[in-house]
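Biologist: I am new to reading structures. Could you walk me through how helices pack and what lines a pocket?

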Amino acid sequence: MIQEQNYKLKDLKIREAFLKLKREQPERFKQKLNLSWSNWGFGLETLEDSVKRLKENGINFIELHGNHYGNDLGYQVEETIEILKKYEMKVSGVCGMFSVENDLSSNIPSKRQAAIDYIKRELEFMNKVGGHYLLVVPGAVGRPNEYDDAEFLRSVETLNIVSDLFVKYCIKGAIEPIRAAETSFIHTVADAKNYIKAVGHPGINHINADVYHMQSEEAHIGEAILEAGDQLVNLHMADSNRGALGEGFMDFDTIIMALYLIGFNQDGKFVTPEPLGPGGDPYPAMNSIPDSKKLHHLVAQTANYFRERENILLESNE
């Protein structure tokens with residue numbers, strides 16, 4: 001008999017724990033995972049078109065593009081609320097966008113001030129339209145080279161200036177680890193925990209993980225989810241090629257089982273597809289004209305495949 005590879009042994013350990021928990025505590029599997037969708041990859045499409053597509057595919061939560069880049073830019077509160085009500089859609093959170101222009105860790109003070117102002121605008125918006133978390137990236141996405149050895153400390157100091165607002169508005173600050181090809185620091189769940197500890201504020205105590213980044217940076221995605229535990233509030237999903245779920249070789253079964261093991265199937269926790277396609281700087285996608293036919297396929301394929309795998313796992317006893 002051929003000895004299994006190390007990652008397969010870790011997969012097996014999670015599967016056995018999942019089946020054991022199902023046998024011993026079946027009540028913990030009555031509620032399914034909350035499926036959301038991050039819409040910033042939809043580019044310049046109108047919010048109503050995006051929400052309508054998600055609803056047609058059985059998705060009841062949306063992670064809104066954090067597009068308040070200035071006082072006059074981004075989703076308007078009243079229009080957003082009207083669309084959400086029309087389609088009975090709820091906001092899971094807001095995907096914060098952090099480039100070199102609003103970098104918490106920048107060595108240019110005005111860029112750090114831009115990050116503070118940006119976070120304030122997004123929190124005030126969320127306070128009116130709803131949502132559980134604001135995704136925060138400690139360093140700019142699309143800047144893989146470090147400024148210097150003080151960027152971590154600058155980022156912590158800058159975020160701490162606005163930390164009280166997260167508590168004031170009852171919004172979780174969710175730190176996202178990003179792969180080293182896109183950011184200079186905070187690449188793993190362990191890095192995110194270390195950063196959260198350095199901030200040391202109750203408003204910044206959660207993690208937004210992303211399986212696409214995790215496949216590059218973590219030793220095992222399932223184990224990293226277990227390590228994140230209660231601090232995980234949202235999990236971005238894409239297949240291994242950053243495409244629709246089921247069109248690559250990502251092991252979604254192990255990911256779903258790990259999520260059930262940490263009790264992620266509860267209110268306020270979300271699985272959020274974000275299939276952006278390959279590349280070191282995904283941000284140009286948010287300003288492009290989308291191909292609606294491709295977006296329809298992305299959403300339908302992903303939603304159907306995720307629910308299919310989740311149902312198979314919940315119904316299986318092997």
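Modeller: Start with handedness. Helix α3 crosses helix α4 in a right-handed way. Keep in mind that this is a predicted model.

Biologist: At what angle do α3 and α4 pack, and how far apart are their axes?

Modeller: The angle between α3, residues 77-86, and α4, residues 109-129, is about 40 degrees. Their axes are 10 Å apart.

Biologist: What do we call that arrangement of α3 and α4?

Modeller: Check the angle against a cut-off. Angles under 35 degrees count as roughly parallel. The pair α3 and α4 packs at about 40 degrees, so α3 and α4 are oblique to each other.

Biologist: Which residues of α3 and α4 meet?

Modeller: From α3 come V77, T80, I81 and L84. They meet F125, K128 and V129 in α4. Sorted by class, this contact of α3 with α4 has five nonpolar residues, one polar and one charged.

Biologist: Now α4 and α5. At what angle do they pack?

Modeller: Helix α5 covers residues 151-168. It packs with α4 at about 25 degrees, and the axes are 10 Å apart. Apply the cut-off again: α4 and α5 are therefore roughly parallel to each other. Their crossing is right-handed.

Biologist: Which residues make the contact of α4 with α5?

Modeller: α4 brings R112, I116, I119, K120 and L123. On the α5 side, the residues are R154, E157, T158, L159, I161, V162, L165 and F166. By class, the contact of α4 with α5 holds eight nonpolar, one polar and four charged residues.

Biologist: On to pockets. How much space lies in the largest pocket?

Modeller: About 480 Å³. Next, look at the lining. The largest pocket has 21 lining residues. Nearest its centre lie Y7, D11, H220, D251 and T254.

Biologist: Which helices each supply at least two residues of the lining of the largest pocket?

Modeller: Those are α1 (6-24), α7 (211-217), α8 (221-228) and α9 (252-261). The largest share comes from α1, with six residues.

Biologist: How does the lining of the largest pocket divide by class?

Modeller: There are 10 nonpolar, four polar and seven charged residues in that lining.

Biologist: What is the volume of the second largest pocket?

Modeller: The second largest pocket has about 370 Å³. Its lining has 19 residues, with G41, P275, L276, L295 and L298 nearest the centre. By class, the lining of the second largest pocket has nine nonpolar, six polar and four charged residues.

Conventions: Residues numbered from 1 in each chain as written. Predicted model: local features only at pLDDT ≥ 70, side-chain atom pairs only at ≥ 80, totals over all residues. Heavy atoms only, no water. Axes fitted to C-alpha atoms, helices over the stretch in contact; angles between N-to-C directions. Helix = DSSP H or I, 4+ residues; strand = E, 2+ residues; numbered from the N terminus. Parallel < 35°, antiparallel > 145°, perpendicular 65-115°, else oblique. Left-handed = near helix turned anticlockwise from the far one by under 90°. Contact = heavy atoms within 4.5 Å. Nonpolar A, V, L, I, M, F, W, Y, C, P; charged D, E, K, R; others polar. 1 Å grid on protein atoms, 1.4 Å probe; cavity = no way out; pocket = protein on both sides within 12 Å on 5 of 7 lines; lining within 4 Å. Points joined across faces, edges and corners; volume = space filled by probe spheres on them.
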